[in-house]
Amino acid sequence: MSRKPPPRRTAPSLAKNANPGRWEGKAKPDWLARAIARAGVMPQDEAQEAIQAGRVTVNGRVVKQPLAPVPPGATVRVDGAALPTAAPTRVLAFHKPAELLTSTVGQHRVGTVYEVLLPQLPPDLARFTWHAVGRLDRGTTGLLLFTNDEKLVAHVTSPDTRLPKRYVATVFSEADEEKVEPLRQGLKLEDGPVRPATVRLRDAHTVEVTVTEGRNHQVKRMLGSVGLPVRALHREAVGGVELDVAESGFRLLTDAEIAEGLLYPPPQAPG
C-alpha cells in the first residue's frame, strides 16, 4: 500500500465559467480525490488512480476527474462501497527528532517527518492522507500533530483560537527574571507586536515559554530579542495535549483529547 505524503496542491476552481457566488450561503463542495482520502478509504494518490480507472461513482455516475467537486449529500462509491457520510477526524501525536523537515519533500539530503512517521502506521491509519498541524523548524524537537482533517489544521494554527503551545528553550546566555519580563508584557518583533507569553525559568539556561500564536521562528526570535539566543528548542504541549511518546514515535489521540485538549469537538452526524 502506498504511504506517500500528501501531494502539494491547491484547491482547484470549480469550473472555468463558474459563477464566483455559486456556493454563497451553501456548504462548499470537497473535491473527489480529497473526499475519498478524508474518509479514510485510501490515500489521496491512490484515490486519484482509482478515479481515473473508473472505479468511483458520484450519485450513480462514473466520474474520472480527481478534482471534480462533490456537493454535500452526494453518494460516493469506490468499487461499489459507499463512503462514510461523515469522515472521522483523526489526530496523531508524533515526537519529532532534530534534523528533520516538516515538509513533504527533503532538501539537500535532509529527511522529512513523513519519512519517519508514515512507515510506522498500521493499515487502518495508513489509508488516510496526513497533514502536519503547523510546523517545527528543522532543529526543533518535540510534539508535532498530524491530522486527516484540514479544518482542524486551520483551527489549531489560527491565532484566533489562542490555543497555547508550550516550548522549552535551552539558551546560551544566563537567563533571569529581569531578562524574561518583557516576554510576559508583550514585545514588538520586526513583523509586529506579539501577545504576552507565559514564561517560567527552570534554571539559568532553561526557559519555558508558552505562546498563543504560531509565527515563523517566534519563540527563538522572542528570546533572541531579550538577549537569550536559543541553542535548542523543544515543544512539550499543544493545548491540553502533552508529549508522551518516545522520540520518533507516535500515538493516536482519543476523541476526548481532540475535543477537550484541542478544543475541537467532533462534527455533528448528518440528520
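Trainee: Let's start with Phe128 and Trp130: are they buried or exposed?
Mentor: Both Phe128 and Trp130 are buried. The label calls for a relative accessible area under 20%. Keep in mind that this is a predicted model.

Trainee: How many aromatic pairs does the structure hold?
Mentor: It holds three aromatic pairs. One of them is Tyr114 with Phe146, at 5.4 Å centre to centre and 75° between the planes.

Trainee: Why do Tyr114 and Phe146 count as buried?
Mentor: Tyr114 has a relative accessibility of 6%, and Phe146 has a relative accessible area of 0%. The cut-off is under 20%, so values like these get the label buried.

Trainee: And what makes Phe128 and Trp130 an edge-to-face pair?
Mentor: Their ring centres are 5.7 Å apart and their planes stand at 65°, so this pair is edge-to-face as well. Ring pairs also link Phe94, Tyr114 and Phe146 into a cluster.

Trainee: Which residues touch the most other members of the largest nonpolar core?
Mentor: That core has 37 residues, and the ones touching the most other members are Leu121, Trp130, Phe146, Leu183, Val207, Met222 and Leu223. Another core, of 17 residues, lies apart from it, and Ala50, Ile51, Val76 and Leu83 are among its members. In soluble globular proteins, nonpolar side chains tend to be buried together.

Trainee: What does Val207 touch, leaving out residues up to four places away in sequence?
Mentor: Its contacts include Tyr167, Val168, Val180, Val199 and Leu223.

Trainee: Which residues of helix 7 are buried?
Mentor: They are Gln218, Val219, Arg221, Met222 and Leu223. Their cover includes strand 10, helix 6, strand 11, strand 14 and strand 15. Just after helix 7, Gly227 takes a positive phi of about 80°.

Trainee: What makes the phi of His217 worth a look?
Mentor: Most residues other than glycine have a negative phi. His217 is not a glycine, yet its phi is positive, about 55°. You'll find His217 in the loop between strand 14 and helix 7. Ser248 is not a glycine either, and its phi is about 75°. Ser248 lies in the loop between strand 16 and strand 17.

Trainee: Why are His217 and Ser248 called partly exposed?
Mentor: Partly exposed covers the range between the 20% cut-off for buried and the 50% cut-off for exposed. His217 comes to 36%, so it lands in that range. Ser248, at 24%, is partly exposed too.

Trainee: How do you know that Lys188 gets its label of exposed?
Mentor: Exposed means over 50%. Lys188 has 68% relative accessibility, so exposed it is. Lys188 belongs to strand 11. In space, Lys188 and Ser225 are 9.0 Å apart, C-alpha to C-alpha, while in sequence they are 37 residues apart.

Trainee: Why does Thr112 count as buried?
Mentor: Its relative accessible area is 1%, so Thr112 falls under the 20% cut-off. Thr112 is in the loop between strand 7 and helix 3. Beyond its neighbours up to four places away in sequence, Thr112 touches Leu100, Leu101, Ser103, Thr104, Val105 and Gly106.

Trainee: In what order do the four strands of the open sheet come?
Mentor: The order is 3-2-5-6, with antiparallel pairing. Strands 3 and 6 are at the edges with a single partner strand each, so one side of each has no neighbour in the sheet.

Trainee: How do you know that strand 5 and strand 6 pair?
Mentor: Pairing takes at least two bridges. Strands 5 and 6 have two bridges, in the antiparallel sense. Arg77 stands opposite Ala82 of strand 6.

Trainee: How many helices and strands does the protein chain have?
Mentor: Eight helices and 17 strands. Of its 271 residues, 45% count as buried.

Conventions: Residues are numbered from 1 along each chain as its sequence is written. This is a predicted model: local features need pLDDT of at least 70, side-chain atom pairs count only at pLDDT 80 or more; totals for chains, interfaces and linings use all residues. Side-chain values use heavy atoms; hydrogens and water are left out. Buried means under 20% relative accessible area, exposed over 50%, partly exposed in between (1.4 Å probe, protein chains only). Contact means heavy atoms within 4.5 Å. Rings of Phe, Tyr and Trp (its six-membered ring) pair if their centres lie within 6.5 Å; planes under 30 degrees apart count as stacked, over 60 as edge-to-face and the rest as tilted. A nonpolar core is a set of buried Ala, Val, Leu, Ile, Met, Phe, Trp, Tyr and Cys residues joined through side-chain atoms within 4.5 Å.
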